[in-house]
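Here is a short report on one model. It covers domains, a helix and a chain contact.

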Amino acid sequence: MEMKTQTLLKKLSRRNEPYIFLVLLALCLLIEVRSGQFFSSNNLVDIASALIVPGLFAIGAFMVIVSGGIDVSFPALASLSVYATTKYLLDTNYQGGVWVAIVMALAIGAVLGAFNGLFIGYFKLPALIVTLGSSSVFKGIMQGALNSKQLTTIPVGMREWGTSSLFIAKNPVSGLTSRMPVASLAFVIVLALVFLMLRYTMFGRGIYAIGGSEASAHRAGFGVVKTKFIMYIMVGMIASLAGVIRVCMMQQAHPTNMLGMEMNIIAGVVLGGTAITGGRGTLLGCMLGTLLIVIVENSLILLGVPTSWKSVFTGALIIIGTGVSAYQVIRMNSTRKIKAKIQEVV
Amino acid sequence: MAESLLKAVDIYKSFVGVQALKKVNFEIKPGEIHCLAGENGSGKSTLIKIISGVYSPDDGHMEFDGKSYSKITPIEAIKNGIQVIYQDFSVFPNLTVMENLAFNSELADRRHLVNWKRMREIAEEAVAKIDFKVDLDALVGNLTVAEKQMIAISRALMFNTKLIIMDEPTTALTKKEVRNLFNIILKLKERGIAILFVSHKLNEVFEISENFTILRSGELVATGSTSELDAKKFSYYMTGRDFQQRHFVPVNLSENPIFEARGVGMGGRFTDVSFAVHRGEILGITGLLDSGRTELALSIFGIKPIETGQFLVDGNPVRISSPQVAIGNNIGYVPEDRLSEGLFLSQSIADNIVISEIDRLVKSAGILDKKKRSAEIDKWVNELAIATPDPNNACQTLSGGNQQRIVLAKWLACNLDVLVLNGPTVGVDIGSKHDIHGILQQLAKEGLGLIIISDDLPEVLENCSRVLVMKAGRIVADMNAGETDEKTILSYML
């Protein structure tokens, strides 16, 4: 039994999730001690609702990174699909529920994702180059063809969905209230589906396998090209869903508002222990990393750190966080080498 | 047993004008261990790919178990019981042993959902076939090379396998691991599984295989029983050339040593090592992997500076604290792993040759002198007979032997006094090995002092004038190469 706990501890110490969890906990406690406001019910609900959009983006970015790729186009992709959807529904003066908006954005997202998947999967071009390019293309379509301006009103269905809440938390001390949006359910559902897919389908294991060794995956019989293609379609759809939720929650469609989010999202994914080289990482770690970034972005103000210093903190966190995991890899490699040496001598 | 398992008859294959295989015949029987040998570019990998269905032949046909095929697909090959174990073992380093073992059969059964319990059962069954003890939940990336190979073998055995093709299976293994592998191969043979071994290592061919086939430039040059093969015939078949052993005899030895070590030591890896190298001499240093030979080489070149004792260059004490100091004293180093340490593989052959003398190829304003550069490149490509259509091609397009010549060219372009070579012909085929030895001996005759660090004893005996044997960080023997033999050296090494 003791042996078992020992090996378990050893295994845990090699993973990233426990570290990131401890850092997260320390940060929360620090904020709580300094402000007394962190663990108040409304703050927790605020953080949870702030996690929805970055969380969805992170799920998509996570899948791509695990497969050995990288996607920097998802904010532009999400912006384009949600902007096109909103504009079309406004122009046709659509009065129905939010479902049409969601389905339409998902469909556009699938097409745009397929565009990435076509070049990365079938034409075997490097993912970074393709998504840098498609990011520009998506932005261009938005500005050129759709003549994008800020849409200050959105269709009624979207507006109602964005303001409807699961429950409302009230801070007994300050009297402030926070809503838990219904959209949080969409996030939870996507998270659960992707988790099950990655763990219990050959398609999901194929994403890991491709990230580990594309040549081996091909020889083992995985459909490498098809897997990548379908995965980029999924990522496009998940990002578009995030876009719809963002617009509904903000009650307006801003064409450039999401652009530039990709770096913090990718940082959160990597911070959560996902290997940037592909093949390694867990959805749990990915969510912890994203949560850490969200808390730093939203709660530093409670620590008394001026918002203008926020990016410095986020940057430092990324360097330290990714540094720790890089150091771990080095340490693991060196013990492996020593082991090999010992075997050689024996 | 007379019935053959696989027969390839009159196979032709060409790639964009290059004839890779010309009328090649090949046959293997159940339970036969067969070695397919040939230098780089001889067509052995093309033949394997035709047998395993990756390429289809231009002409000729194959027979499996009596059935005739003009070409087959990879799936048909697997259904016929053919499995290929590639040099990289086709593993997923990021996944567990269990998944690595179970994926192939799960995918072959066209399953879409993962049942972890079934995966574990499949994996347990697979490792049981060769009594391979391994933690199924360990990550494959954390295993040794030999363990990864065992995974590839157990995985290959899951498909009613009749023939396993192994591509250079012993390359990265230690002697003990090779022994282990051979034991497993013999067990597979007992079960009637045929093994096709691709190798160009002579001792392996002799030890394990019953029959051999040797290809050269896409043609079958010899096939038959290994018992009728000897070292001389083997190298003749491989290269088409007759080699006479040329024991190196130093001429024009300088009176004073060009390089000397006096009682040097470094962090417990080696202690109190003293030796001297004269111009015109080739000094061999040999020993086991942990004897300190590699560390000594790194110290001479300043990568791991010595802590005690001193080095003398041309009689003057020099503190070699970095590779720059070593180069400044005209000392060059050809590393053990030339691929990762000695070459910029993705850069052109030309750039690799001139990189260490680039400072001397500039005009007054610090701009590269293109004429000088191309003159220098032409000179070395010709002098070392580097086989390339265009020096602007990337280094990785070359064979191991030619890559090694580029590493040499890079240093010779610097007008060295002393050149240290660590394992100069590791992974190089016979013909190139012979050529490189010729070049080294010629260099010594021209007045260079050479130090060869190698555990390839025939190489040391053939090329060195003196041999030092290291053991546990100390020099335990200092002999004239002409007065000793492999047995004596081995007795000092162990």
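## Domains of chain B

The C-alpha centres of domain 1 of chain B and domain 2 of chain B lie 35 Å apart. Domain 1 spans 6-239 and domain 2 spans 257-493; such bounds come from an automatic or database domain assignment. Seven residues of domain 1 of chain B are in contact with five residues of domain 2 of chain B (contact: C-beta atoms, placed from the backbone, within 7 Å). The domain 1 side of chain B has one nonpolar, five polar and one charged residue. Here Ala, Val, Leu, Ile, Met, Phe, Trp, Tyr, Cys and Pro count as nonpolar, Asp, Glu, Lys and Arg as charged, and the others, Gly among them, as polar.

The model is predicted: local features need pLDDT of at least 70, side-chain atom pairs count only at pLDDT 80 or more, and totals for chains, interfaces and linings use all residues. Residues are numbered from 1 along each chain as its sequence is written, while chains are lettered from A and ligands numbered from 1 in the order in which they are written.

## Helix H4 of chain B

Helix H4 of chain B covers residues 116-128 (helices are DSSP runs of H or I, at least four residues, numbered from the N terminus). Its 13 residues reach 18 Å from first C-alpha to last, close to the expected 18 Å (1.5 Å times one less than the number of residues).

Met119(B), Ile122(B), Ala123(B), Ala126(B) and Val127(B) are buried (20 or more other C-beta atoms within 10 Å of its own; exposed means 12 or fewer; C-beta atoms are placed from the backbone). They cover an arc of only 125° around the axis, so they sit on the same side of H4(B) (arc: directions from the helix axis to the C-beta atoms). The face turned away carries exposed Lys117(B) and Ala128(B). Cover for the buried residues of H4(B) includes helix H3 (97-108) and helix H5 (145-156) of chain B.

## Contact between chains

Chain B and chain A each give 21 residues to their contact. The chain B side has ten nonpolar, seven polar and four charged residues.

Conventions: Two residues are in contact if their C-beta atoms, placed from the backbone, lie within 7 Å. Helices (H or I, at least four residues) and strands (E, at least two) are DSSP runs, numbered from the N terminus.
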